[in-house]
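Colleague: I have a model open and would like to go through it with you. Can we start with the charged side chains?

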Amino acid sequence: MNSSMDTHLGHIQIDNEVIAQYAGTVATECFGIVGMATVNVKDGLVRLLKKDSVNHGIVVRGNANKLSLDFHIIVAYGVSILAVTDNLISNVKYKVESFTGMEVEKINVYIEGVRVID
């Protein structure tokens, strides 16, 4: 699926995987985030994704020049979840809007686990 927008020069389509990859890279740079997570619905198991698979922990939906993002993350033990998620939302919103030129209407964050950082 693609997100799209119309400009005075024409129509632009951005693949949602591109947006997810960029948003995942921005998210993993945020303090307190260990990584992105994937949930196996069948077993209910949560798995930490490798750095090259960050886009699998993100769902992107787009329509009418607006984006909605869902993040499934694992946070570091001992950090404030509120501070981590506020930082994630503000950084991702600013950088994704700058990158795509589309408005980020909504960001949902799902904490799938906590990990102790070595």
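Modeller: First, the term we need: a salt bridge is a side-chain nitrogen of Lys or Arg within 4 Å of a carboxyl oxygen of Asp or Glu. Keep in mind that this is a predicted model.

Colleague: How many salt bridges does that rule give?

Modeller: The count comes to three.

Colleague: Which residue does Lys93 bridge to?

Modeller: Lys93 pairs with Glu97, and their closest N and O atoms are 2.8 Å apart. Both residues sit in helix 2, four residues apart, which is about one turn of the helix.

Colleague: What does Arg61 pair with?

Modeller: Arg61 forms a salt bridge with Asp70, at 3.1 Å from N to O. Asp70 has a relative accessibility of 8%, so Asp70 counts as buried. Arg61 has 37%, so Arg61 counts as partly exposed.

Colleague: And Glu105, what is its partner?

Modeller: Glu105 meets Lys66, with 4.0 Å from N to O. This pair links distant parts of the chain, since Glu105 is in strand 7 and Lys66 is in strand 6, 39 residues apart. Lys66 is partly exposed because its relative accessible area is 31%.

Colleague: Let's step back. How many helices and strands are there?

Modeller: The chain has two helices and seven strands. Along the sequence they follow the pattern β-β-α-β-β-β-β-α-β.

Colleague: What share of the chain is buried?

Modeller: Buried residues are 36% of the 118 residues in the chain. The accessible surface is about 7000 Å², and carbon and sulfur atoms account for 54% of that surface.

Colleague: Of the contacts with a separation of 6 or more, what share is between residues 24 or more positions apart?

Modeller: That share is 64%.

Colleague: Now the inside. Which residues have the most contacts inside the largest nonpolar core?

Modeller: Leu69, Phe71, Leu88 and Val92 have the most contacts there, in a core of 24 residues. The elements that give two or more residues to this core are helix 1 (16–28), strand 3 (33–40), strand 5 (58–63), strand 6 (66–76), helix 2 (81–100) and strand 7 (103–115).

Colleague: Take Val92. What does it touch, leaving out residues up to four places away in sequence?

Modeller: Val92 touches Ala23, Val26, Ala27, Leu69, Phe71, Glu97 and Ile107. Two of those names, Leu69 and Phe71, were also in the list of residues with the most contacts inside the core.

Colleague: Are the two residues buried, exposed or partly exposed?

Modeller: Tyr22 is partly exposed because its relative accessible area is 27%. Phe99 has 43%, so Phe99 is partly exposed as well.

Colleague: Where is Ser80?

Modeller: Ser80 is in the loop between strand 6 and helix 2. At 42% relative accessibility, Ser80 counts as partly exposed. Ser80 and Gly32 are 48 residues apart in sequence, and their C-alpha atoms are 8.2 Å apart in space.

Colleague: Last one, Tyr94. Which element is it in, and is it buried or exposed?

Modeller: Tyr94 is in helix 2. Its relative accessibility is 58%, so Tyr94 counts as exposed. Tyr94 and Val104 are ten residues apart in sequence and 8.5 Å apart in space, C-alpha to C-alpha.

Technical notes. Residues numbered from 1 in each chain as written. Predicted model: local features only at pLDDT ≥ 70, side-chain atom pairs only at ≥ 80, totals over all residues. Heavy atoms only, no water. Core = buried A, V, L, I, M, F, W, Y, C linked by side-chain atoms within 4.5 Å. Buried < 20%, exposed > 50% of the residue type's maximum accessible area, 1.4 Å probe, protein only. Contact = heavy atoms within 4.5 Å. Areas by Shrake-Rupley, 256 points an atom, 1.4 Å probe, with all protein chains shown as cover.
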